[in-house]
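Reader: Could you walk me through how to read a structure like this one? I would like to start with contacts.

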Amino acid sequence: MLLIGVGRLKAGPERELFERYFKRAVDIARTIGVAGVDVREIDEARARRPADRQSEEARSILSAVPDGARFVLLDERGAALSSPQWAKEIGKARDDGAPAYVIAIGGPDGLDPSLRAKADIVLSFGAMTWPHQLVRVMAAEQLYRSLSILAGHPYHRS
């Protein structure tokens with residue numbers, strides 16, 4: 001499992017919260033047969049035009065995605081899944097033997113359209129636009145929640 005984020009999380013409450021949930025996800029993943037949970041931060045592109053920045057960031061994101069991986073994009077125009085539905089999606093990828101489950105979060109300019117075409121699924125945390133620092137925190141929490149659902153852990157209550 002790999003979480004790719006464009007930009008760096010600076011020290012502060014967002015990073016602390018991200019690290020808390022990410023560590024929980026790492027710890028519970030081992031108990032349900034998910035081999036490794038990692039994060040990769042990709043530098044924001046420096047091109048002048050937003051479209052060029054998106055394209056450059058897309059190349060960096062795709063270069064980090066292993067062959068055969070289940071590739072998920074987070075975007076406000078994506079599908080809204082419940083936590084149990086996302087857990088089922090992650091479990092299916094695991095059970096189908098996908099070599100990795102990769103979740104990508106774009107930078108401030110958003111995602112290049114070419115990424116949407118390559119994604120297995122595009123997910124949304126709602127129609128609102130969120131700062132990518134908060135999306136990273138929410139992604140870590142939802143990963144932990146999904147893995148805890150797969151483990152039968154009581155963290156998720158609905």
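Author: Happy to! Contact means heavy atoms within 4.5 Å. Among contacts in this chain between residues at least 6 apart in sequence, 82% join residues at least 24 apart. Keep in mind that this is a predicted model, where local features need pLDDT of at least 70, side-chain atom pairs count only at pLDDT 80 or more, and totals for chains, interfaces and linings use all residues. Residues are numbered from 1 along each chain as its sequence is written, and side-chain values use heavy atoms, with hydrogens and water left out.

Reader: In what order do the elements of the chain run from the N terminus on?

Author: Helices (H or I, at least four residues) and strands (E, at least two) are DSSP runs, numbered from the N terminus. Here the order is β-α-β-α-β-α-β-α-β-α, which comes to five helices and five strands.

Reader: How do I read R53, buried or exposed?

Author: Buried means under 20% relative accessible area and exposed over 50%, with partly exposed in between (1.4 Å probe, protein chains only). R53 has 17%, so R53 is buried. This residue lies in helix α2 (residues 50–63). Not counting residues up to four places away in sequence, R53 touches A45, A47, R48 and D109. Across the whole chain, 46% of the 158 residues count as buried.

Reader: And how are two packed helices described?

Author: By the angle between their axes and the distance between the axes. Among the residues of α3 that meet α5 are W86 and I90, and the α5 side includes L143 and L147. By class, this contact has eight nonpolar, four polar and two charged residues; Ala, Val, Leu, Ile, Met, Phe, Trp, Tyr, Cys and Pro count as nonpolar, Asp, Glu, Lys and Arg as charged, and the others, Gly among them, as polar.
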